[in-house]
Amino acid sequence: MLRIAGIRLSLDQDESTIASEIAKKLKIRETDIVSWKIWKKSVDARRKNNITFVYSIDFNAVNEREILKRHGKKGVSQATAEDRQYLRKENINGARPVIVGTGPSGLFAGMVLAEMGYSPILLERGKKVEERVKDVREFWNTGVLNTESNVQFGEGGAGTFSDGKLTTMTNDPRSRKVLEYFVEAGAPEDILYVNKPHIGTDILRRVVINLRKKIISLGGEVRFQSKMTGLEIRDGKIVAVIVNNQDSIVTDKVVLALGHSARDTFELLYDKGLNIQQKSFSIGVRIEHPQKLVDLAQYGQSHGHPRLGAADYKLAGHFDGGRSAYTFCMCPGGTVVAAASEEGMLVTNGMSEHARNRQNANAALLVNVGPEDFNSDHPLAGVYFQREWEKKAYQEGGGGYLAPAQRVGDFLEGRPSSDFGSVSPSYRPGVKMTDLRLCLPEYVTSTLRKAILDFDKKLKGFADPDALMTGVETRSSSPIRIVRGEEHQSNISGIYPTGEGAGYAGGIISAAVDGIRIAESIEEEEEIG
């Protein structure tokens, strides 16, 4: 099989013409192409009057050696794809591994360990997806928070209530394996090849359920409403996990897949002597624009074409004073959601369904913060910093998890907002129009002003006076790093920190990849042992 890059189709050209386009490029007969499939697909919108789809195609053809010889320096290569397989071991001795958390890192560590025959036990402090969804909807409708079942805690982790983005900066070949697991569990097959794959919160919930079922079918166990409340450590080694302050699970392998919001568990680990360090992260707001504004800015007169869908964006800049600002977790056709996990603290996030067909687009608009801003050398100072601003946001919203919000025009002019304009807030339970300077550090709001004006030059309409900012977003990434060594273990032998909460990932794919990496490390350690 060969792979050819740079096959272009116009917006109105059907994918059934791909074989013809390959033949033209290679100057061969279309009948010489035996079969083909898409390897990668992206949109080239640099010339808005001539937007095209760009493909890399794997194909079988007559005389492949001759084609490779003639075109090997012109975008044609031998098709390669790593097929990672995890062989099942029989008669595994020793205690079962315990995985704490069922976000992406926990689920995929559990999946691979189950495939290899280790029969892992997955502990989830929250509820299964089916029950979790009801609790989250109740919170959004009434403002009544369940601190153990919410956007942060429960099966699938925080990503379950998101856009379900599957983009990553990592080139780790395990990324492909993660996508294949997702497709097997019911995700759309196009996530294997589109440039910016996403699942959407609606489909992702079903996928998570199927991942759980497969883990169980392979001999794993998933326990819900099972919170790790203690660790038993002897001679620098883990020997047991305490669940719900009463049950003890004997084990010598614990995977900490906690997520970035397990603050009480961070305290537990610190008290137990795990090596924890402060880590930089970002805080800011959610900014909402009409989706049509983003579509027009990105696609010009082609906006609204059915093959393009809702447009997205990714913006970044570095400004005076050493601060950077950027957009993160952009949700086309989505909603801003209440994502609190502690009483009296307000947090926002963004979410889209697979169709991305809501009226507004939203994104986190964030500014970097670091240990120099925390005013303490305590390893958990970043957590306390987050709480400080989340409390202020809650208070400024007036309670009941109403979120403080402000029109961009008012924000840029330094005056509070009294009402929203043409952009209606999507956040529930609702918003209180105010001045966001009251619930964010001055160095953050001043950087956000510069960023909005700068980003408006890159995406026309970003500084639209009626665009809406809703505060605060503080959970862009974990505020800590649980230090691990070359064998991926912490300073306590047998404890494997992984994923976003431990400070080693930044999204669904990278967290899942890190979970797989930990499972492989456990296998390697067993073989050495």
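1. Let's start with Leu231. At a relative accessible area of 3%, Leu231 counts as buried, because the cut-off for that label is under 20%. Bear in mind that this is a predicted model, so the numbers here are computed from predicted coordinates. Leu231 sits in strand β8, which covers residues 228-234.

2. What does Leu231 touch, once its neighbours within four places in sequence are set aside? The list is Ile238, Ala240, Val241, Ile242, Leu269, Lys272 and Ile495. One more distance around this residue: Val243 is twelve residues from Leu231 in sequence, and their C-alpha atoms lie 9.0 Å apart.

3. Next, the helix pair α5 and α6. Helix α5 takes in residues 174-184 and helix α6 residues 201-217. Their axes are 9 Å apart and meet at an angle of about 95°. That makes α5 and α6 roughly perpendicular to each other, because angles of 65 to 115 degrees get that label.

4. Which residues make the contact between these two helices? On the α5 side they are Tyr181, Phe182 and Glu184; α6 brings Leu204, Val207, Leu211 and Lys214. Sorted by class, the contact of α5 with α6 has five nonpolar residues and two charged ones, with no polar residues.

5. On to the cysteines. If you go looking for disulfides, a search of the whole structure turns up zero. Take Cys329: the closest cysteine sulfur belongs to Cys331 and is 4.2 Å away, which is too far for a bond, because a disulfide needs the two sulfur atoms within 2.5 Å. Seen from the other end, Cys331 is in no disulfide either, and its nearest cysteine sulfur is that of Cys329. Cys331 is also buried, at 0% relative accessibility.

6. Now the chain as a whole. Twelve helices and 23 strands are assigned. How many of the 529 residues count as buried, as a percentage? The figure is 59%.

7. A word on overall dimensions. The radius of gyration is 24 Å, and this agrees with the value near 24 Å for a compact globule of 529 residues. Along the principal axes, the C-alpha atoms fill a box of roughly 70 × 70 × 40 Å.

8. Last, contact range. Consider the contacts in the chain between residues at least 6 apart in sequence: 72% of them join residues at least 24 apart.

Technical notes. Residues are numbered from 1 along each chain as its sequence is written. This is a predicted model: local features need pLDDT of at least 70, side-chain atom pairs count only at pLDDT 80 or more; totals for chains, interfaces and linings use all residues. Side-chain values use heavy atoms; hydrogens and water are left out. Axes are lines fitted to C-alpha atoms, for helices over the stretch in contact, and angles run from 0 to 180 degrees between N-to-C directions. Helices (H or I, at least four residues) and strands (E, at least two) are DSSP runs, numbered from the N terminus. Angles under 35 degrees count as roughly parallel, over 145 as roughly antiparallel, 65 to 115 as roughly perpendicular and the rest as oblique. Contact means heavy atoms within 4.5 Å. Ala, Val, Leu, Ile, Met, Phe, Trp, Tyr, Cys and Pro count as nonpolar, Asp, Glu, Lys and Arg as charged, and the others, Gly among them, as polar. Buried means under 20% relative accessible area, exposed over 50%, partly exposed in between (1.4 Å probe, protein chains only). The radius of gyration is taken over C-alpha atoms; the globule rule is 2.2 Å times the number of residues to the power 0.38.
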